[in-house]
Amino acid sequence: MINSELKTFTLPFPNERGERKIWVYVPSHKEGETLPVIYMTDGQNLFDEESTPYGCWNVITAVEKEQKNTGFSAVIVGIDNGNVYRDSELTPKCIGEIQHREYFNDIFTPEGEVFDSFLMDTVIPYVENNFPVKKNKESVAVCGSSSGGLQAFFEGIEHSDKFSFVGALSPAFVVYKEDDWRAYLLSKVNDDMPYIYMYCGNADPLEEILMQSTEMMYDLLPETGYPYDRFNEILLFENSHNEKAWREIFPDFLHTFLEKAR
């Protein structure tokens, strides 16, 4: 057996923003074995307990428990956010006109397509060439929370040939009008879309707004032809918008993905 390890390194981010830190956790595995992989936003909040007042997502603990209980596990790839550029990098421009700009800082400019290019053209090729991950669509997922949940959703819709599973946790769907979402999805939905795992809480004002837009998306997906058996919604009314809540829901997301991974 090869022991588990957490590696960090940097890769060049577009837009002349220098190097971006990447975290890769590889669970224990057999020699020559390859594992499913989850690409995640906000990498600095996934492993480091001191990263936020609410702690981190404790993804390593979740993977270890899943491996102990079921025998299945996954490589976790965390991509650090761009600090003041975070919301800009995790909000696509092509979906529609931005709503609720009061939630963003003064330098906000939607450029999720830049992050998309970084993920697809730099991060994924590097990971696939240097770590024991499966490359087939059925074993590749993308996940994030808040703006990261929005970006994960975007990645899954844009690259339905690459990702079989999307974790959209407390997703910021609210930043676009429903009509813009409808037009976007109608232009993208095909017969081989990824499974969408949507989650939201409702215990603070921001989660309450995000829950409303998550409900909107849950109703909109089948209207735009999204396969009924490829999306689900989990609502936990007592949860707030923080890492504690996402730490609570992540093990279920992980388990659901690994049940479907091949």
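**Exercise 1. Take Asp42 and work out how it is placed and what it pairs with.**

Solution. Start with accessibility: Asp42 is buried, with a relative accessible area of 7%. Here buried means under 20% relative accessible area, exposed means over 50%, and partly exposed is in between (1.4 Å probe, protein chains only). Before going on, note that this is a predicted model, where local features need pLDDT of at least 70 and side-chain atom pairs count only at pLDDT 80 or more, while totals for chains, interfaces and linings use all residues. Residues are numbered from 1 along each chain as its sequence is written, and side-chain values use heavy atoms, with hydrogens and water left out.

Next, look for a partner. Asp42 makes a salt bridge (a side-chain nitrogen of Lys or Arg within 4 Å of a carboxyl oxygen of Asp or Glu) with Arg86, and their closest N and O atoms are 2.8 Å apart. Asp42 sits in the loop between strand E3 (37-41) and helix H1 (44-47), while Arg86 belongs to helix H3 (residues 86-89), so the pair ties together parts that are 44 residues apart in sequence. Those element names come from DSSP runs (helices are H or I, at least four residues; strands are E, at least two), numbered from the N terminus. Finally, check Arg86: at 17% relative accessibility it is buried.

**Exercise 2. Which strands pair with E2, and in what sense?**

Solution. Two strands pair if DSSP finds at least two bridges between them. First, strand E1 (residues 5-12) runs antiparallel to E2, with eight bridges; Pro12 has Glu19 in E2 as its bridge partner. Six residues sit between the two strands of this hairpin, and Asn15 takes a positive phi near 65° there. Second, E2 is joined to strand E4 (residues 75-79) by four bridges, again antiparallel, with Tyr25 opposite Ile76 in E4. Then look at cover: six of the eight residues of E2 (residues 19-26) are buried, so the strand is largely enclosed by the rest of the structure.

**Exercise 3. Describe how strand E5 is covered and what it pairs with.**

Solution. Six of the six residues of E5 (residues 140-145) are buried. Val140, Val142 and Gly144 point one way, and Ala141, Cys143 and Ser145 the other. In a regular strand the side chains alternate between the two faces of the sheet. For partners, E3 joins E5 in parallel through four bridges, with Met40 opposite Cys143. Strand E6 (residues 165-169) pairs with E5 in parallel too, over five bridges.
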